[in-house]
Amino acid sequence: MAPAPTRGTFRFDKYMAVMVALRESGYPITEHAPPPMPRRWLEAVHCPDYVEAVFTASVPREKERRIGFPVTQHIAQRVAHTNGGTWLAAQLAKEHGYAANSAAGSHHALYDTGAGYCVFNDLAVCANRLIAEGDAQRVLIVDCDVHQGDGTASLTAGRDDIFTLSLHAEKNFPVRKARSSLDVPLPDGVDDDGYLETLDRHLPGVLEEFCPDLVLFQAGVDVHGKDRLGRLALTDVGIARRDAYVIGAIRQRGLPVASALGGGYGEDPREVADRHALSMLTCARTNTEFARSASDSIHLAI
């Protein structure tokens, strides 16, 4: 794990706290160290000049401000590995039904810049690589972060082999939304029942009509009512219901699903980490209903 930058407000310490929470849960975990995403796959989605600037720690200051922290060489190595983690989670999901990346979900990163704490867009990079290498023909990205996945939508626009579904708070960041394959904007204060009703209204139809053979799940917990950057009102129980519903809907169709951590913000990194850990545990437990073995562990790219 890369050291936290000396400038910026993003809480990098939540990532280690997530791993602590998972290890303390007592649930069996199989940890996999991801390889860095090769530059050719980053450059297949992002501007090569921007990729070069990241790896040489020469990202212009105005782009660093848009990202929210300085892009050092440590950060460059970190994001290369977190992008590799989403790809590895997808590979593991093909074998085990479900796997998770304990980081990433960087859905705001655009073609030639990062934004909103995101440097490279692992969801778009992973989906493109999976299809290009023949590991999937049609990839569905289910984005349940409280913020719209504008970068993912922009980077995959016009493709008929990648579908982006975004459920997000209508009045939250980013101010200027991109156009996903299907956007579902939610009013402020939506609670557990309202969120689940909306999800049930849209996800089954997308699965039925798009017919993906692999799903990437942006499992942000910033939909929680106590999240510092959220505008919705879900509880811990509501997020667990969301995750069980998403994984169940996908796995009952026999499709593999890989989750990325996504957003979650607060002053106490352990409190936020516990939400992320519960999310992954819920996904894993739901997967066991469809897996060969009820004792299957969480396969985790870290």
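**A guided reading of backbone, burial and packing**

Guide: Ala57 is found in the loop between helix 3 (48-55) and helix 4 (61-67); helices (H or I, at least four residues) and strands (E, at least two) are DSSP runs, numbered from the N terminus. This is a predicted model in which local features need pLDDT of at least 70 and side-chain atom pairs count only at pLDDT 80 or more, while totals for chains, interfaces and linings use all residues. Residues are numbered from 1 along each chain as its sequence is written, and side-chain values use heavy atoms, with hydrogens and water left out.

Visitor: What is the phi of Ala57?

Guide: Most residues other than glycine have a negative phi, and most peptide bonds are trans. Ala57 has a positive phi, near 55 degrees, and is not a glycine. This residue follows helix 3.

Visitor: Is Ala57 buried, partly exposed or exposed?

Guide: Buried means under 20% relative accessible area, exposed over 50%, and partly exposed in between (1.4 Å probe, protein chains only). Ala57 counts as partly exposed because its relative accessibility is 35%. Tyr117 also has a positive phi, of about 70 degrees. Tyr117 sits in the loop between strand 2 (98-101) and helix 6, and is partly exposed at 22%.

Visitor: Where is the cis peptide bond?

Guide: The cis bond joins Phe173 and Pro174, with omega about -5 degrees. Pro174 belongs to the loop between strand 4 (162-169) and strand 5 (182-186).

Visitor: Which residues of helix 3 are buried?

Guide: They are Tyr50, Val51, Ala53, Val54 and Phe55. Their cover includes helix 2 (39-43), helix 4 and helix 5 (73-96), where contact means heavy atoms within 4.5 Å.

Visitor: Which residues does the loop residue Val146 touch?

Guide: Val146 lies in the loop between strand 3 (139-143) and helix 7 (150-155). Val146 is buried because its relative accessible area is 0%. Not counting residues up to four places away in sequence, Val146 touches His168, Ala169, Asn172, Asp222, Val223, Leu229, Gly230, Arg231 and Leu232. With Val223, the separation is 77 residues in sequence and 5.0 Å in space, C-alpha to C-alpha.

Visitor: How far is Asp122 from the nearest side chain of opposite charge?

Guide: Lys and Arg count as positive and Asp and Glu as negative; His and the chain ends are not counted. A salt bridge is a side-chain nitrogen of Lys or Arg within 4 Å of a carboxyl oxygen of Asp or Glu. Asp122, in helix 6 (residues 122-132), is buried yet has no salt bridge, and the nearest side chain of opposite charge, Arg78, is 11 Å away. Apart from neighbours within four places in sequence, contacts of Asp122 include Thr82, Asn83 and Ala260.

Visitor: How many disulfides does a search of the whole structure find?

Guide: A disulfide is a pair of cysteine sulfur atoms within 2.5 Å. The search finds zero disulfides. For Cys47, the nearest cysteine sulfur, that of Cys118, is 18 Å away. For Cys126, the nearest is also that of Cys118, 15 Å away. Cys47 counts as buried at 15% relative accessibility, as does Cys126 at 0%.

Visitor: At what angle do helix 9 and helix 10 pack?

Guide: Axes are lines fitted to C-alpha atoms, for helices over the stretch in contact, and angles run from 0 to 180 degrees between N-to-C directions. Helix 9 (residues 236-251) and helix 10 (residues 269-288) pack at about 35 degrees, with axes 9 Å apart. Residues meeting across this pair include Ala240, Ala244 and Ile247 in helix 9 and Leu278, Thr282 and Cys283 in helix 10.
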